[in-house]
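Please read the following numbered points with the structure open beside you. Each point treats one topic.

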Amino acid sequence: MGEKDIVWDYDAVITALTGKTAHTTEATAAHRAVMAMRRALFYQLTEREQPIETAWILSHWPGDTLREQLPDAKYVEMETTEAECLKRLKADETRPDKKAWAKLIKSWFKEHKNEGEKRAMKIEIRADGAHISGYVNATEKKSRPVMTPHGKVVEEIEPRAFEGAIKRAGNITVSVDHDQSHIYAQTQDGTLQLYEDEIGLHADVLITDPDVTELAKKGKIRGWSFGMYNVKDEMVEPRADELPLRKIKELDLDHITLVVKKNPIYSATSMEIRADAEIEMETRTSEQTPQITEVEPKKPDALFFDNSAYRTRADKVKKIFGGRK
C-alpha cells in the first residue's frame, strides 16, 4: 500500500470511535457519524479533490446506494460459503450475540447469494453450440447513475415494460458488442427466446457460430446489453443530494447483444436509422461472471442382456446341421 492509498473498513472505524471490539447493526449516533465520514470519502474520490490513487472499500455487499455513489468502481467479490461464515462466527469470541449474527448471515445468503446465482448468466457448451441463458435486465431495480436524454439520472424499468416490447417487436436479434453487421441468433428462427417474469427480461440463446462458441467456452462473454427506443418515461423529482429517478414505463426492444469487451460501456445514446426513420437508441449493459459447463454427448445405452454366448452356440449348431436335410 502506498501513501496515497486508503482502506475503509466499517468495523475498524466503529471500533476506533466507540472502543467496542465488534459493531452492531443498530442505527446509533456512531453509525451515523461513520456513514457521514464514508460519504465524505466518496465525495473526494468522485470529485478528485484529494490525490487518492486507490481506495479499498470493504463492504458486505455492493448495494444500489454504493454503486450509485461510486459508479466507476471495480467490485471484487471474496468468495465464501454460508457454512464457512457460521464456522468463523462460532470461533469468534468478540461477537456477544451469536444467535442474532447467525440469523443475519443466513438472511444475507438467502437474499444476495442465492438470488445472485438465480440471476447469473449460464453457458452450456453442447455439441450443437453454446446455450446461453440469463437475465438481460432486472425490473424495479435502480441503476447506477446514467446519462439519458433527461441528463444524469438513476433509472428503473417498470414491470411489464419488456413484456409489451416483446409483443410489439418483429424480429429481435443477437449480436456481439452491438455490432449489427453479424447476427448470431434471432427470435425469428427460435435461436433467441425472450420473456419477462417477476425478476426481469430473460433470454435463452443458441449460438452455433464456432468463433463465438469458443469465446463462450473460454469465459470471454462478460454479460448482456440491449438497445431500446421509443421510450416512454416519468421523471421523479430528486430528494436532497440525490439524482432524479427516471421510471421507464414503456419501450421498444431493438436487439440483444453479448458483451465481450473487457470494459463495456454501461450506457450510451445514439441516433440511428430504423425503418427509414431516425430514432434515438439507448443501450444498457450489465456485467456478469458466467457459469460455464460442458455437456458431454450422450453415449448409446449398453445392451441390457449380453447374448453373445448364445449366438456362438447357435452358429456351431448351424455348422453341424447346416448341410443335412
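1. Val7, Trp56 and Leu58 form a nonpolar patch on the surface, with about 300 Å² of accessible area together. A patch consists of residues with over 30% relative accessible area and no salt bridge; like charges are joined within 9 Å, and nonpolar side chains (Val, Leu, Ile, Met, Phe, Trp, Tyr) within 5 Å. Accessible areas come from the Shrake-Rupley method with a 1.4 Å probe, and for residues only the protein chains shown count as cover. Val7 belongs to strand 1 (residues 5-9).

2. This is a predicted model, in which local features need pLDDT of at least 70 and side-chain atom pairs count only at pLDDT 80 or more, while totals for chains, interfaces and linings use all residues. Residues are numbered from 1 along each chain as its sequence is written, and side-chain values use heavy atoms, with hydrogens and water left out.

3. The protein has eight helices and 15 strands. These are DSSP runs numbered from the N terminus (helices: H or I, at least four residues; strands: E, at least two). Of the 325 residues, 33% are buried; buried means under 20% relative accessible area, exposed over 50%, and partly exposed in between (1.4 Å probe, protein chains only).

4. Ala216, in helix 7 (residues 210-217), is buried, with a relative accessible area of 0%. Setting aside residues up to four places away in sequence, Ala216 touches Ile123, Ile125, Ala130, Ile221 and Ile292, where a contact means heavy atoms within 4.5 Å. Ala216 and Ala130 are 86 residues apart in sequence, yet their C-alpha atoms are 6.9 Å apart in space.

5. A salt bridge is a side-chain nitrogen of Lys or Arg within 4 Å of a carboxyl oxygen of Asp or Glu; by this rule the count comes to 18. In one of them, Glu156 pairs with Lys142, the closest N and O atoms being 3.6 Å apart. Glu156 lies in strand 6 (residues 151-157) and Lys142 in the loop between strand 4 (129-138) and strand 5 (146-148), so the pair ties together parts that are 14 residues apart in sequence. Glu156 is buried at 11% relative accessibility, whereas Lys142 is partly exposed at 37%.

6. Which residue forms a salt bridge with Arg284? The partner is Glu155, with the closest N and O atoms 2.7 Å apart. Arg284 is in strand 14 (residues 277-287) and Glu155 in strand 6, so this pair ties together parts that are 129 residues apart in sequence. Arg284 is buried at 3% relative accessibility, and Glu155 is buried at 4%.
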